Amino acid sequence: MSDLSLTILAETPGDEQAIERLHERTFGPGRYALSAYRLREHVDHLLDLSFTARIGTLMVGSVRQLPVCVGNTPALLLGPLTVEPPFRDRGVGRALLERALKDAKTKGHSLVLLVGDEAYYSRAGFKRIPKGRATMPGPVDHARLLVRELVDGAFEGVSGAIRPDWTFARAL
């Protein structure tokens with residue numbers, strides 16, 4: 001990031017449209033068919049654990065975290081993490097990821113899950129969840145289902161279906 005002045009800020013309600021356009025550009029309409037989106041249908045991400053990356057006033061990236069449970073164990077689902085294509089490979093995604101994990105730990109969370117590329121996310125301490133130990137709604141490539149313990153041993157003995165944490169459900 002030596003040639004960019006990057007600012008990481010907590011997401012605000014006013015960022016919603018810009019982030020949605022960013023997701024549309026980077027993931028396309030097929031994103032709604034992904035299993036992770038099934039978890040986002042009735043529970044919103046946590047604004048205080050979701051962040052934007054800006055260069056000046058230009059939003060160049062975003063990461064969100066959603067409250068979920070694995071069986072009965074609370075966790076966070078990280079994602080989507082996205083960066084505008086011209087700003088990729090410049091540390092923006094890494095800065096967003098580090099801030100999201102740091103703040104999650106500071107706020108007392110112990111587990112973060114995601115569906116993503118193990119080669120990329122393993123650099124931040126994510127590990128593959130053994131097949132069958134945790135299940136997503138709908139189809140998912142189990143090799144992409146990853147976990148990061150923010151507290152040592154937090155994933156020991158944890159298993160079950162990954163579902164929204166209904167204590168955070170939207171009022172209908």
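Colleague: What makes glutamate 11 count as buried or exposed in this model?

Modeller: In this predicted model, glutamate 11 has a relative accessible area of 4%, and since buried means under 20%, glutamate 11 is therefore called buried.

Colleague: And arginine 64, is that residue buried or exposed, and why?

Modeller: The relative accessible area of arginine 64 is 8%, which is again set against the limit of under 20%, so arginine 64 is buried.

Colleague: Why are the side chains of glutamate 11 and arginine 64 said to meet in a salt bridge?

Modeller: The N to O distance between them is 2.9 Å, and because a salt bridge asks for a side-chain nitrogen of Lys or Arg within 4 Å of a carboxyl oxygen of Asp or Glu, the pair qualifies as a salt bridge. The pair links distant parts of the chain, with glutamate 11 in the loop between strand 1 and helix 1 and arginine 64 in strand 3, 53 residues apart.

Colleague: How do you know that lysine 107 and aspartate 48 form a salt bridge, and where do they lie?

Modeller: Their closest N and O atoms are 3.1 Å apart, and the limit is within 4 Å, so the pair counts as a salt bridge. Lysine 107 lies in the loop between helix 3 and strand 5, and aspartate 48 in the loop between helix 2 and strand 2, so the pair ties together parts that are 59 residues apart in sequence.

Colleague: What makes aspartate 165 a residue with no salt bridge?

Modeller: The nearest side chain of opposite charge, arginine 163, is 5.3 Å away, whereas a salt bridge needs a separation within 4 Å, so aspartate 165, although buried, has none. The side chain of aspartate 165 does make a polar contact with the side chain of threonine 167, at 2.6 Å.

Colleague: How do you know that the span of helix 3 agrees with the number of its residues?

Modeller: Helix 3 has 15 residues, which at 1.5 Å a residue should span 21 Å, because the expected span is 1.5 Å times one less than the number of residues; the end C-alpha atoms are 21 Å apart, so the two values agree.

Note on methods
Residues numbered from 1 in each chain as written. Predicted model: local features only at pLDDT ≥ 70, side-chain atom pairs only at ≥ 80, totals over all residues. Heavy atoms only, no water. Helix = DSSP H or I, 4+ residues; strand = E, 2+ residues; numbered from the N terminus. Buried < 20%, exposed > 50% of the residue type's maximum accessible area, 1.4 Å probe, protein only. Lys, Arg positive; Asp, Glu negative; His and termini not counted. Polar contact = N/O pair within 3.5 Å; in protein donor to acceptor, adjacent residues only side chain to side chain.
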